[in-house]
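The exercises below ask you to characterise a protein chain from its coordinates, each with a worked solution. Please keep the structure in view while you follow the steps.

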Amino acid sequence: MCGRKKRDPRIDEEQKKAREAAEAAKSAALAEQEKKREELLAQEKEAAATAAATAEANAAKAARQSELEVQAGELNNTGTSKQTGRTGGLFASKAARRRSRSARSGRRGRRSLLTSSGGGVGYFSRFL
């Protein structure tokens, strides 16, 4: 023996325990990482499915809206004519139709109270 001491067996046991604990911690951390990764993938899939459903719903809504616009154009229920800007559909009030009719016939504005046009001298009616 040349003065060298033998290695203490307790040191070997402690090192072995430390290696096992480190391996267990590493495997636990990897398992937790994998679990988080799976949760993120599930959330991304759910978000993609939600976005796809929203896009599909918006497309269906746009299709219904365009269909309604086509139907409204066919029925001519818009209230105003797109070409002339005049009222005359089902949604125009009676007064608006009367005004447009009087504008076409040449009458404009209020009638004179001094002359006999539109009801006689001194007579004014908003209905004429």
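In the protein chain, residues 24 or more positions apart account for 3% of the contacts with a separation of 6 or more, a contact meaning heavy atoms within 4.5 Å. This is a predicted model, in which local features need pLDDT of at least 70 and side-chain atom pairs count only at pLDDT 80 or more, while totals for chains, interfaces and linings use all residues. Residues are numbered from 1 along each chain as its sequence is written, and side-chain values use heavy atoms, with hydrogens and water left out.

**Exercise 1. Describe the overall make-up of the protein chain.**

Step 1: The secondary structure amounts to 2 helices and 0 strands, where helices (H or I, at least four residues) and strands (E, at least two) are DSSP runs numbered from the N terminus.

Step 2: Of the 128 residues, 7% count as buried; buried means under 20% relative accessible area, exposed over 50%, and partly exposed in between (1.4 Å probe, protein chains only).

Step 3: The chain exposes about 11700 Å², of which carbon and sulfur atoms supply 55%, with areas taken from the Shrake-Rupley method with a 1.4 Å probe, and for residues only the protein chains shown counting as cover.

**Exercise 2. Find the salt bridges and state how accessible their partners are.**

Step 1: The structure holds 4 salt bridges, each being a side-chain nitrogen of Lys or Arg within 4 Å of a carboxyl oxygen of Asp or Glu.

Step 2: One of them joins Asp12 to Arg7, with the closest N and O atoms 3.1 Å apart; Asp12 is partly exposed at 37%, whereas Arg7 is exposed at 52%.

Step 3: Another pairs Asp8 with Arg10 at 3.0 Å between the closest N and O atoms, where Asp8 is partly exposed at 28% and Arg10 is exposed at 57%.

Step 4: Glu34 and Arg37 also meet through their side chains, at 3.0 Å from N to O, and because these residues lie 3 residues apart in helix α1 (residues 9-75), about one helical turn separates them. Glu34 is partly exposed at 36%, as is Arg37 at 44%.
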